[in-house]
Amino acid sequence: MPIVAPSLLSANYLNLEADCKMLNESEADWYHLDVMDGRFVPNITFGPMVIDFLRKASNKVFDVHLMIEEPEKYTEAFKKAGADNLTVHIEACTHLHRNIQQIKSLGMKAGVAVNPHTPVSLLKDILADIDLVCLMSVNPGFGGQSFIPQTLVKIRELRNMIDEKGLNVDIEIDGGVTLENAKSIVDAGATVLVAGNTVFRAPNPTEMISLLKKI
Ligand code: DX5
Ligand code: ZN
């Protein structure tokens, strides 16, 4: 069964509490929280303050996806806000190894996200140090975009790299995940499905989460 991580980017910010309640009572495993700074990506969302409020409303795993430059400046703030997993972009980190050690030393699981154009082979020497790879299957910045098919090739390649080394690293797919393409994504070797629009625009989000779990 895949880990299902609804992305709150597509939630209703006028009534976040209702969406938290829905997620808490659903089969969702993680909250996927997208932090954007308007520099690394052309959009701005929220930061530790909002996550700190959400933390009071849920005991689920908080999977925080940082689409920001200089993420090392904010690692501690996200830990304090309640992040369980902290994911940084390979494209935003000159000293990725140091950033990963910093995340782990604070007791969080460490993830590395890669943009659609970034080859997974670049992860070779960091794979043993991390808990999760977030493969972007859209260009980061916005919800509701279409899945880039080449991602399936990247999933298979990464799955082989992980298995060859006998590692236990989650492969998370972020962007354009739907009920139609989820099976091919899981069959290729992914373990975590992020879904924003597919969950929050569904007539029945709780049921949509159950359907994704059953993939
Ligand atoms: C995009 C974000 C995603 C986004 C996915 O930059 O990282 O997490 O919320 O949204 P959907 O599932 O609607 O493509
Ligand atoms: Zn994301």
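**Note on the annotated binding-site residues**

1. H65 is found in strand β3 (residues 61-67); strands (E, at least two residues) and helices (H or I, at least four) are DSSP runs, numbered from the N terminus. This is a predicted model, in which local features need pLDDT of at least 70, side-chain atom pairs count only at pLDDT 80 or more, and totals for chains, interfaces and linings use all residues. Residues are numbered from 1 along each chain as its sequence is written, while chains are lettered from A and ligands numbered from 1 in the order in which they are written.

2. An unreviewed UniProt entry gives a "binding site" annotation for H32, D34, H65 and D174. UniProt positions are in the numbering used here, feature names are shortened, and annotations may be inferred rather than shown by experiment. These residues are spread over 143 residues of sequence but cluster in space, with a largest C-alpha distance of 10.5 Å.

3. H65 is buried because 27 other C-beta atoms lie within 10 Å (buried: 20 or more within 10 Å; exposed: 12 or fewer; partly exposed in between; C-beta atoms placed from the backbone). Its contacts (C-beta atoms, placed from the backbone, within 7 Å) include H32, D34 and D174, not counting residues up to four places away in sequence.

4. D34, in strand β2 (residues 30-36), is buried, with 24 other C-beta atoms within 10 Å.

5. D174 belongs to strand β7 (residues 170-174) and is also buried, with 25 C-beta neighbours inside 10 Å. The residues D174 touches include H65, C134 and V194.

Methods:
Contact = placed C-beta atoms within 7 Å.
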